[in-house]
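Here are my notes on this model, point by point. Please read them with the structure open.

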Amino acid sequence: MSENEIIDGGLEVLRYPNPTLKKKSEPVEVFDDELAKFVENLFAAMRAHDGVGLAAPQVGVHKKIAVIEYESKSYVLINPKVIEQSGSQDGEEGCLSFPGIYAHVTRPEKVKIETYDEHGDKKIIEGEGYTARAFLHEMDHLEGKLFIDYLSNLKRNAIKKKALKHTGGHF
Ligand code: NI
């Protein structure tokens, strides 16, 4: 194990426009030690990058798994489904796959989500405000949907140009 693995779980966060971010993830079917270890590594990678959330496809794993940590509360989302949502909020959003890039996205104000934890136990979790935004942002990743998909073509193209500049235009 390298020093890097200890700090960031040995996971590399992929950046837009890596095409893997647009791929839909598969449901988790086996809840074993390997899954628990992966969830732990996902938290480590998220914290190493000062993120509020991180989804498995952002590290190249196309399984319906995401982690969120906000206001010292941690959430594990596995095979999550929105069962209730209400209200609307408009706010600024960023993403670890888009370093330095933020955009306004409208989302529901409150959500209730049915999910599984890493041990296979079904949970109902509720989020409001920024927590709701984080849940929905991460759940979008599991469907291959990115926050810039909510923007106009004009705004999306401007972000694409900025992102290409960051990566040296290799994609
Ligand atoms: Ni994101």
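1. Start with the salt bridge between Asp-149 and Lys-22, whose closest N and O atoms are 2.9 Å apart. This is a predicted model, so the distance is a computed one. Asp-149 sits in the loop between H3 and helix H4 (153–166), and Lys-22 in the loop between helix H1 (3–8) and H2, so the pair ties together parts that are 127 residues apart in sequence. Asp-149 is partly exposed, at 29% relative accessible area. Lys-22 also counts as partly exposed, at 45%.

2. Lys-24 and Glu-143 deserve a look next. Their side chains form a salt bridge, 3.3 Å from N to O. Lys-24 lies in the loop between H1 and H2 and Glu-143 in the loop between H3 and H4, so this pair ties together parts that are 119 residues apart in sequence. Glu-143 is partly exposed, with a relative accessible area of 40%.

3. A further salt bridge pairs Glu-69 with Arg-47, and the closest N and O atoms are 2.8 Å apart. Here strand S2, which holds Glu-69, is linked to helix H2, which holds Arg-47; the two residues are 22 apart. Glu-69 is partly exposed at 23% relative accessible area. Arg-47 is partly exposed at 44%. Elsewhere, shared partners join Glu-93, Arg-107, Arg-133 and Asp-140 into one network of salt bridges. The count of salt bridges comes to 12.

4. Now the metal. Which residues supply the protein donors of the nickel ion? They are Cys-95 through SG, His-137 through NE2 and His-141 through NE2, lying 2.1 to 2.2 Å from the ion. Along the chain the donors follow the spacing C-x41-H-x3-H. Both histidines, His-137 and His-141, belong to helix H3 (residues 130–142). They are four residues apart there, about one turn of the helix.

5. Are the two histidines buried or exposed? His-137 has a relative accessible area of 6%, under the 20% limit, so it is buried. His-141 is buried too, at 2% relative accessibility.

6. Turn to the strands. S2 (residues 65–70) and S3 (residues 73–86) run antiparallel, joined by six bridges. Tyr-70 stands opposite Lys-73 in S3. The hairpin has two residues between the strands, and Glu-71 takes a positive phi near 50° in it. I would check that residue by eye.

7. S3 also pairs with strand S6 (residues 110–116). The two run antiparallel, and six bridges join them. Within this pairing, Gln-85 stands opposite Val-111 in S6.

8. The largest nonpolar core has 17 residues. Leu-42, Leu-54 and Ile-65 have the most contacts inside it. Helix H2 (33–48), S2 and S3 each supply at least two of its residues. The largest share, seven residues, comes from H2.

9. What does Ile-65 touch, leaving aside residues up to four places away in sequence? Its contacts include Leu-35, Phe-38, Val-39 and Leu-42. Among the others are Ala-55, Ala-56 and Pro-57, along with Leu-77, Ile-78 and Leu-142. Val-28 is one of the contacts as well. A second, separate core has 14 residues, including Ile-68, Tyr-75, Leu-77 and Leu-142.

Conventions. Residues are numbered from 1 along each chain as its sequence is written. This is a predicted model: local features need pLDDT of at least 70, side-chain atom pairs count only at pLDDT 80 or more; totals for chains, interfaces and linings use all residues. Side-chain values use heavy atoms; hydrogens and water are left out. Two strands pair if DSSP finds at least two bridges between them. Donors are N, O and S atoms within 2.8 Å of the metal (3.2 Å for Na, K and Ca); water is not among the atoms, so sites may look incomplete. Buried means under 20% relative accessible area, exposed over 50%, partly exposed in between (1.4 Å probe, protein chains only). A nonpolar core is a set of buried Ala, Val, Leu, Ile, Met, Phe, Trp, Tyr and Cys residues joined through side-chain atoms within 4.5 Å. Contact means heavy atoms within 4.5 Å. A salt bridge is a side-chain nitrogen of Lys or Arg within 4 Å of a carboxyl oxygen of Asp or Glu.
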